[in-house]
Each structure stands twice: as structure tokens, then as C-alpha cells.
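Try each task before you read its solution.

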Amino acid sequence: MKNAYVVAERELKSFFISPLAYVVIALFLAMSGLLFGLIVQQSREASLRGLFSNVSVLFLFIVPAITMRLLAEEQRSGTIEVLLTHPVQEWEIVLGKYLASLGLLLAILVLTLVFPAFLYAWGNPDTGPIVSGYVGVFLQAAAFMAVGLWASSMTQNQIIAAVVTFGLLLILWLSDSLGQVVGGTVGAILSYLSVLNHFSDFPRGVINLKDVVFYLSIVAGGLVLSTLMIQARRLR
Amino acid sequence: MIRVEHLTKHYGPRVAVADVTFHVEKGEILGFLGPNGAGKTTTMRMLTGYLPPTSGRAEVNGFDVVHQSLKARGSIGYLPEAVPMHPEMSVRSYLDYLGKLTGVRNRRAAVNLAMEKARIEHRAKDQIGKLSKGLRQRVGIAQALLGDPPVLIMDEPTSGLDPKQIIDTRNLIKSLQSDHTVVLSTHILPEVAATCSRVVIIANGRVVAEDTPENLDRRLKGAESLLVAVRGKPENVVAALRRVPKVLKVEPSGERTRGQTADVHAFSVECAVHADVRESIAQAVVQGGWGLLEMRQAQMNLEEIFLQLTREGGSPS
């Protein structure tokens, strides 16, 4: 477990040495700031409800950029060999990488606190939905990160990892509509997999256990599959 | 310290390492010699726990590399062939990171010591990505030495270094001999003679010979041979040399001698083992009225041994 923190620490430092983290953060803040401004101006409401739904779309685009290098780069450059010839286990590497991506996610979310700060400064917003909305955004993005990590474990090529991540997230995003088209049992399963359906209650101030379980299952699945991928690569 | 028993690795249908067995005792430096693609790296990767063997077993420092992998890995300092590193990190932070993973005690001092031994301490703050190939190699050596592990496994430790650094690195490896066990791989033959106490020669995944460098040399030398450079008509010289007692064979040699001109020819002269024919040859040349320009012992070097061994036993099975 200690090794996972060591891996996470190194990864986070590397994030902030490379320009990628700053570009991603800047882009995210610019886009969400724009959305925040537009939504508040039009709705005249001291609430983040509209913003939360839109922000989760933004994560669809920035998560692949964050997760693509996590394991793909180690495999391409061969540093995974250094890691795996040290007394470190595969799951510790995977968990460490994942914690690093969560660290970056937290940094991004902390920076967005400026939006509710505006609302509190000039309005009287309802605190409950803001807190639950943040919980929802965090859980959803955390699930996205796990999907991205898995994609990154499958290839040595960061671009492929990013494209696969985006594709998988898009499927999770659209699966409700897909389910309605398909219908029947398959349709029901597809609808259940929809991240949209599981997200919608959070900005309304409702935290459902089933939604939390849904996101955490994706996280667990992503981590387990990534660990298996790393183990399997050695068995070629 | 290291026991390798019938180690075999298949990559799909391709056999990379076949039934390799060898032991290394504490304090030994074992040279792993073979052409590129012989299976050196694959064997080392199995020893370091990176690749699981298809069959057979290996033990490092008393720990099975598969079943007690973490403990085995904890006893090994490994220098991988390509020296993969994170280019954005500084030398010190990279070593510090690996020190944390290994659980090195007194980490700051250990990192300093490893950098000092590998002579990279003057670049401690530099980004690894900005270092030259030779300097990166030294960082790799520092990485292997970090925490003073009892077993060192080094895949081509001197590749990319300049001649002075090569000598320094060999001396460093030799200095570690007393309290470490070292396995190093190379395809450069003089390296083995210069550093190793024992050699395992591997070709096409199989061990074709295992001995000390001196013994291998002796074993393969059926006859002593001399290189003789003479100014004179080559046919006459050959005829005269063949008449010298105990000379078995005289052939024109491709080797050049200093100040060679058109009428100077080099010959390789083979004679019976332990027969010193040098004086008789000198006499024969002088009697013929030719000029003797050079005569030296042409030792069969590891290169020739190697070619001979791989020709004998290295054909793909």
C-alpha cells in the first residue's frame, strides 16, 4: 500500500512538471467559467444545477487527456520494467496511478470552488445541492478516470489510449438513448449503464446509494481490469 | 547466491531460452556472453522477476523468483538493457523515488552513496532527459547500486560509455566483487576477460560453454600459433618455415604489420603445444637472407573461441 502512495506522488509531480496538466486545467476552468457565466446570467438563479450537468460533459473530453499517459507511457518507455523489478506489486502500481489521477481531479474541483464562492458573495444559494452536486461530479469523474486507466493499461500508445477512453465514455454517456432504441432486456441493461441517469439526482440535492454504488463499481472494475492487464502483459 | 535450473522461456512458438542451468556463488562475477538475441536479456528478466519462466526455476539470494518474487526482487539491483527512466525527473529525485520503492533505510545517504559510486553526483540536480547516453547509463548503474543489494544484475553495463568510463565501470564492478554477487551480460568479448571470474556463453537460448575466461582459452587452443612478418618472396618463406621442426602449418595471414610494404608478408605459423619454435623460426628466416620484421604470439582470443563454440553448439534446434 505504501508503494501505491510512492507511485502516486511521483506521478502527480510529473503531471505538474509537464505542461499537460496546466493546459487541461486551464481549458477546463475556461470552459466551465464560460458555462457558469452564461447559465447564471440566463437563469438568474443562485444555483450550480445547470453547471454540474454541463461540467460532466467537459470531463468526457478532459479525462482521456489526463489518463492516457498513466500506464501507456510506462509501458512504452519501459519504465514499467524498472517498477516491476522492484519489490512492487501490479495492483500497487495501478492504484498509485489512479490516486494520482484523483489528485489532479481534486485540484481541478478545488479551483472550481470559485463559482459557488461567487454565488455566496452575491446571492443566497442552497448549500445541500451544491455539496451533493460536487459529490456527484467527483464520483462520475472518478469513474471516468478508472475507465481511462484501463484503456491506458491496454496499449503503449497514448493516442490510442485517449481515443479508446473517449469511445468508452461516449458509450456510457449515450447508453440510455441506445437502450431506448434497442428495448427489451438488453435495452434495460444499456439504460442502467448510462452515466447520465445515475448523475441526474446529484445536482438536485439527492445522493442515492444505488448511484454511488454504480460509480464505485466502475472504479473497482477499472482498477481490477487494469491490474489484470499489467499482469497479462508479462505472460506473453 | 543464484541458482538457475533448467530455465526455459517461450514467446509463443519461439524458444528464447532453452534449459539454461548455472549457479553463481557469492563474490563471483559471472559474465553472460552471447550475440544479440541469444537470450541474455530474457534470462536476466526472468531472474529479476519481470518475466515468468515457461518452465524451470531460479533462486536469488535463497528466494524463488516466482513464488517469493517480492523478496527476491528486494535482493537484486538491476540495470535493464535500455536503461528506461522518467526523463522529466532529476537524477536525485529519480533515485530517491526508487529508494522509497525498495524501502532503503537512511535514504538520503544511500542515494548520495550510489551517485558517488556511479560518478554522477555532479549532475544530481539535472533532468534525466537532458543527460547524454553515457551519463544516463551511469544513472542506471547508480539505480542498481542503490541500497547496496547483495545481488547485482546488469544488462550490458558499459554500453554507451566512452573508453575511460568503460574502464572506470569495470573497476567499479570489480570493486563490488568482495561482498556482492554480480551477473553481467555483454556481447563485447574483452569485457568478460577484463571483469569476470566466470563466463557462461549462450547462443540461441542455450548454454554452449561455462568456464573461467582462462580455461576457455586453454580448452580451445589445440595448438599455439605465432604471427611472423617477413620481407621476402612469400613462396620461399613458406617453404623454409615449413621445414622448421615442430611447425605444423604455415599460412599467409591477413594481419598487417607496422610499416608494411608490398614485399612484406605476414604468416600465421601453428606449432605443436608447448613447443617454443621462435628461435628456430628466426634462424630459418635469417638463413634464407630475408628480413624478420615481427614475430609475436597470436593468442586465440575470446572472439575466436566464441565463434568456434557458437558454430559447434549453437545451431538452432
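## Exercise 1: two helices in chain B

Helix 3 of chain B and helix 4 (residues 107-117) of chain B pack with their axes 10 Å apart, at an angle of about 125°. Keep in mind that this is a predicted model. Your task: classify the packing of helix 3 of chain B against helix 4 of chain B, then take the contact apart by residue and by class.

**Solution.** 

- Step 1: get the handedness. Helix 3 of chain B passes helix 4 of chain B in a right-handed crossing.
- Step 2: pick out the residues. Helix 3 of chain B brings V91(B), R92(B), L95(B), D96(B), G99(B) and K100(B), while helix 4 of chain B brings R107(B), A110(B), V111(B), A114(B) and M115(B).
- Step 3: sort them. This contact holds six nonpolar, one polar and four charged residues.

## Exercise 2: a helix pair in chain A

Find how helix 2 of chain A and helix 6 of chain A cross, and say which classes of residue meet there.

**Solution.** 

- Step 1: the axes of helix 2 of chain A and helix 6 of chain A cross at roughly 35° and come within 10 Å. The crossing is right-handed.
- Step 2: on the helix 2 side of chain A you'll find A21(A), I25(A), F28(A) and L29(A), and they meet L104(A), I108(A) and L111(A) of helix 6 of chain A.
- Step 3: by class, that gives seven nonpolar, no polar and no charged residues.

## Exercise 3: where the chains touch

How many residues does each chain put into the contact, and which helix of chain B gives the most to its side?

**Solution.** 

- Step 1: chain A contributes 19 residues and chain B 21 residues.
- Step 2: on the chain B side, helix 2 (69-74) and helix 3 (91-102) each supply at least two residues.
- Step 3: helix 3 of chain B gives the most to that side, with five residues.
- Step 4: sorted by class, the chain B side that touches chain A has 13 nonpolar, five polar and three charged residues.

## Exercise 4: zoom in on L101(B)

Is L101(B) buried or exposed, and what does it contact beyond its close sequence neighbours?

**Solution.** 

- Step 1: L101(B) is in helix 3 of chain B.
- Step 2: count. L101(B) has 22 C-beta neighbours inside 10 Å, so it counts as buried; the cut-off is 20 or more.
- Step 3: list the partners. Setting aside neighbours within four places in sequence, L101(B) is in contact with N3(A), V6(A), H86(A) and V88(A).
- Step 4: N3(A) and V6(A) are among the buried residues of helix 1 of chain A, as are V7(A) and F15(A). The buried residues of that helix pack against helix 2 (19-43) and helix 6 (90-111) of chain A together with helix 3 of chain B.

## Exercise 5: check helix lengths

Compare the end-to-end C-alpha distances of helix 1 and helix 12 of chain A with what 1.5 Å a residue predicts.

**Solution.** 

- Step 1: helix 1 (residues 2-17) of chain A has 16 residues and reaches 23 Å, close to the expected 22 Å.
- Step 2: helix 12 (residues 209-233) of chain A has 25 residues, so it should span 36 Å; its end C-alpha atoms are 36 Å apart, which agrees.
- Step 3: look at what helix 12 of chain A packs against. Its buried residues, including F214(A), Y215(A) and I218(A), pack against helix 4 (69-77), helix 6, helix 8 (127-153) and helix 11 (195-199) of chain A.

## Exercise 6: positive phi

What is the phi of D19(B) and of N106(B), and where does each residue lie?

**Solution.** 

- Step 1: phi of D19(B) is near 55°, a positive value in a residue other than glycine. D19(B) sits in strand 2 (residues 14-24) of chain B.
- Step 2: phi of N106(B) is near 55° too, but N106(B) lies in the loop between helix 3 and helix 4 of chain B.
- Step 3: check the surroundings. D19(B) is partly exposed, with 14 other C-beta atoms within 10 Å, and N106(B) is exposed, with 11.

Methods
Residues numbered from 1 in each chain as written. Chains lettered and ligands numbered in written order. Predicted model: local features only at pLDDT ≥ 70, side-chain atom pairs only at ≥ 80, totals over all residues. Contact = placed C-beta atoms within 7 Å. Helix = DSSP H or I, 4+ residues; strand = E, 2+ residues; numbered from the N terminus. Nonpolar A, V, L, I, M, F, W, Y, C, P; charged D, E, K, R; others polar. Expected span 1.5 Å × (residues − 1). Buried ≥ 20, exposed ≤ 12 C-beta atoms within 10 Å, placed from the backbone. Axes fitted to C-alpha atoms, helices over the stretch in contact; angles between N-to-C directions. Parallel < 35°, antiparallel > 145°, perpendicular 65-115°, else oblique. Left-handed = near helix turned anticlockwise from the far one by under 90°.
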